[in-house]
Structures are given as structure tokens and as C-alpha cells.
Amino acid sequence: MLMDSFDKFFFRIFPPPKFFSAPSFGLDISDESLKFIELIATKNGIRVGRHGERVIPPGVIESGKIKNSKKMEEILTLLRKEEGVRSVRVSLPEEQVYLFQLRLEKAGLKNVREGIELALEEHVPIKAEDAIFDYDLVKEDAQSIEVQVATITKNIIENYLLIFKHSDLEVKSCELEAQATCRAVVQAGDKGTYMVVDFGKKRTGIFIVSGGIVMFTSTLDLGGIMLTQAIQKSFNISFEEADKMKHEYGLQRNSANQEIFSILLNSVSVLRDEISKHFLYWNTHKDEEGKNNPLIQKIIFCGGDSNLIGLADYISVSMKIPVEMANVWVNIVNTGSYIPDMSFRQALAFSTALGLALGDQAN
Amino acid sequence: MINLIPKEEKKKMTRGFYLRLFVLFIGVLNFCILVAAISLLPAYFSSSVNDTFVDTQLENQKNEPLPVLGEQSLLAVKDINNKIDLIENARKDKFIPSSQVINAILLEKRADIKLTQIFYEQGPTGGRKIKITGTAPSREVLLLFRQALEKSASFKSVDLPISNFVKGADIQFYLSIVPA
């Protein structure tokens, strides 16, 4: 602890040269867009550098799989040229990554990696030689160790890396989207158990983080666009108008927007049901030893469409659990002394990219 | 932190890190050498100018005729030469005050007698004398000291002039001894 504080103080006074530290951008790639952000370590703390969003045309990426490599290369090359991006930390979509917990007996265990490799095919439908995996240590006792393993097919990673190589971008890390999001929204060192809901445009990620490690992830094909489309269809208006109405009225229950409330409620209740299902599963599920999981203390909302008026209150009241909007700056800046040039809604949408960029500071 | 990058890529990144570290080390080393060279330049120029100046002075001095010695200098040289001769002759006669003689005097000296001077003298005929001056608290003590010296085998004769006994106490005496 003391050494950590000393290290932080030392590197704040004597930051490593740019050439040596090679700062990287957080790059959050989804089916519809690519968000990038740079965090710069200065003497006054971390500051937000270049950031932005590029639209990815339909058909280039589908459910996390790159379908049109050439087009993706063009987008990344343009990003490098326009923004001066050199190295990046990339998120991998939940659909492509398998996450599971594994207990390894210490007796006869020479190498944790070998132990995981031997047990891999029992947990994921990928052959060990076709898989790329990494792990985090969850807990350890005299007899065994428990690890959280993330696995992905070699082809997908190689495909990603090849595209970045052709675009002259150095990839420093490929992380689980949930891991990056949780790094941004959960305070560093907080060992509590929380459910993080990343409510995006087309997809919603539900993650459970406990002891600082992502223990569970799930993705729903439900996002803010569906809510906008529901309003558009009901009122027979343009998409832009519907989006404006969605953000203006949200889930406020009053006479002025009774109709919008009813329309949005149909979609939001689906989200509530899914959250509730995972919430109950986690809180009632027992591990291999028959022990209960630590109870979820609160739900943290992030993602571009999570700032919908009344959404947090609705989930909180219906599930009887504290729900709060994420503070994506909690591990980055002290907002009392510095306000990043980014709106609250935009910051929520950048939570994964910020978490990825924080990887530089974590190392 | 879970990082799903293949092992080979991670190794490449580690190699890249060490390469950057090496390049940085070389860069810093070069910079240090440059700074050291620049900071030493004024001292180098200053010392090279001084060196040239001293060489020129030396060369000029070599070319200058030797100065003619004056009257006073010649006298001083003559005096020094005489003194050197004296010392050298003294060494030839081998009249070197013997520690044995001093020890013999000190052995016979009483505690209340204080010696203030010891002279060695060589006569023109080659006879050697030791003259001692000092103070004695009383006539009796002085007499005892003389008797003790007379008894010593180291001395041929001891001459204590009677005038030394004029004072009764705190006598300043003068003694002449001929070593054996």
C-alpha cells in the first residue's frame, strides 16, 4: 500500500518519457461504432486527451465478428492518420468470449496455465490448441486456487490483430468489454459485489463484478435504439424526433407524457426482467463448494442510453435495490478540481473506452 | 488484468519494451557525454592557452643571457662557501659531540641542578673541552655534583672556579670538563 502510494507520487513527479511509456488509446469497438479516448498522465493527475467516435457502417462487424476486414482496415487507418493513434487497447465483445471459474488443486499442479489448458475443453466448446486464454486469481488456500478464466477462439483474435497490423496500429491488450467497463465504473480497491448494466444503443451488457474481478457476463439484444423505434412507430415521426422525445420525457409518469411512458415501459420492463433474472440467479446460486455468492449490493448503470430520465428510479423501485448512475471518472480524475471536456451522457457512453485507456495507468 | 493477446505477441511487446529501454539508455548516455564535453570545453581552452603561455615564457627565458652576479651576491656566495668548508672540515676532524659524554654528565647530575648550556670546544692543539653552565640551589649541592663528575671515568679533569661559591644559594655556576 505504502509502496503503491510512493510509486504513484514518484511517477507523478517524474512521469516516464512518452517514447518510453508509449501511451495507448482505449478503443471500444461495437457493431455500430468505434469509440476512442486517450488518457494523459500529467503532474496534476490524469487528463483526458484526444477522444471521439467513428461510425461503423452496417455489415462490417456483426455480433463482434469482423465481416468486412478491408472496410475495417480503412476505418482504422483513417483513425491513425486523423488522430495520430499509434497503439491501442481493444475491447472484445461479450458474444465471442467465454468466461468461467475454475478451481485447481495444488497437489501435482506445476503450472497454472498448464492446469487451465488441461481443463479448458471441459468448460468451453473450443479445442485447447485453438483457444487463447488468460486468467485472474480469485482466491487461494492451502489446497487449491480459484481462477477466473477468459477464453476466445484463436481465429477471432488473429483476425483482429491482423487488421490492426495492416492499419499500422500496435495492440497492447485485448480485454473483455466487461472488464474494461468495470475498471472505469467501480472504484479501484473496492472489493464489493455489484451488477453493472451497460445500456448501449443496440445491446445491453449485464456484468457482475465481485472482489474487483468480473465473475459473470451476459448480453441482451436490447438497446436505446429499440426504445426510440418504439416511439417512432407509435407516433409515426422521424427517428431524430423520436430520439429527442425519448431524452426529453423519458420514464416520467405525468399527464404530459403518459403515452410515451407506456410505450417505453414495455421495452424497459423487458430489461428489468432480464436484470432481475440475473440478479436472482447470482444471489441464489451456490458455487462448487455449496457456498452462496456474495449478495449484489447495488446496480450501476452506464452506457450511452443509460441516462434515460427515470430509468434508474424505475429499476430501483421495482427491484428494491439501490441503483445509481456510474461515475466513469471515479478512478481517473478528481472532478472537484478538474472537469473533463465531455458531457455526462457522452462520458457514460465512453465507459468501456475509458476503462481500456485506464489499462495504461494500471500497469 | 486478463489480456487475451497470444503469447507470441506478448513476447514481442516485451522485446519492444527492452529495445526501447536500450535505445533510451544509449540516448541518455550520448546526451551525458555531450553535456560533459560541452561543460569541459572552457576548461580545455583555458588550460591550453595557459600551456602555450608557459611554453613561450620558458622559451624566452632560455633565450635570455644569464644575469651577471653583483658584488653583494658574490660576497654572500663566498660566505656560504666558507661556512660549508667549516662544516666539512669539522666532519674531517671527526669532532662530533658524543652522546656518551652527555649521558655521563646527565647521569651524575642531581635532580636539583639545572643545566642551561653545554658548549663543546676544540683547542688549536686538538684538546677538547666541554663547558657547562647551570644553576644549583646551594654550595653543597654544587660541590657534590663536581665530586660526582670527578669520580666519573668519562672525564679526565673537572674545573669548577672558586668564584662559583661566592653566592650561598641559587648559584649560577660555570664548569669546565675535559673528557677522557
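Between chain B and chain A, six residue pairs are in polar contact, both partners being at pLDDT 80 or more; such a contact is a pair of N or O atoms within 3.5 Å, where within protein one must be able to donate a hydrogen and the other to accept it, and residues adjacent in sequence count only if both atoms are side-chain atoms. The model is a predicted one, in which local features need pLDDT of at least 70, side-chain atom pairs count only at pLDDT 80 or more, and totals for chains, interfaces and linings use all residues. Residues are numbered from 1 along each chain as its sequence is written, chains are lettered from A in the order in which they are written, and side-chain values use heavy atoms, without hydrogens and water.

On the side of chain B that touches chain A, ten residues are nonpolar, one is polar and three are charged. In all, 14 residues from chain B and 29 residues from chain A take part in the contact (heavy atoms within 4.5 Å). Together the two chains bury about 1,800 Å², 68% of it on carbon and sulfur atoms; this is the accessible area (1.4 Å probe) lost on being put together, summed over both parts. In chain B, the residues losing the most area to chain A are B:Met1, B:Ile2 and B:Leu4, together 46% of what that side buries.

The interface also holds one salt bridge, that is, a side-chain nitrogen of Lys or Arg within 4 Å of a carboxyl oxygen of Asp or Glu. Here B:Lys10 pairs with A:Asp134, with the closest N and O atoms 3.5 Å apart. Within chain A, A:Asp134 also forms a salt bridge with A:Arg113, at 3.1 Å between the closest N and O atoms. This second pair links distant parts of the chain, A:Arg113 lying in helix H4 (residues 112-123) and A:Asp134 in strand S8, 21 residues apart; helices (H or I, at least four residues) and strands (E, at least two) are DSSP runs, numbered from the N terminus. Over all chains, the whole structure has 24 salt bridges.

Conventions. Nonpolar A, V, L, I, M, F, W, Y, C, P; charged D, E, K, R; others polar.
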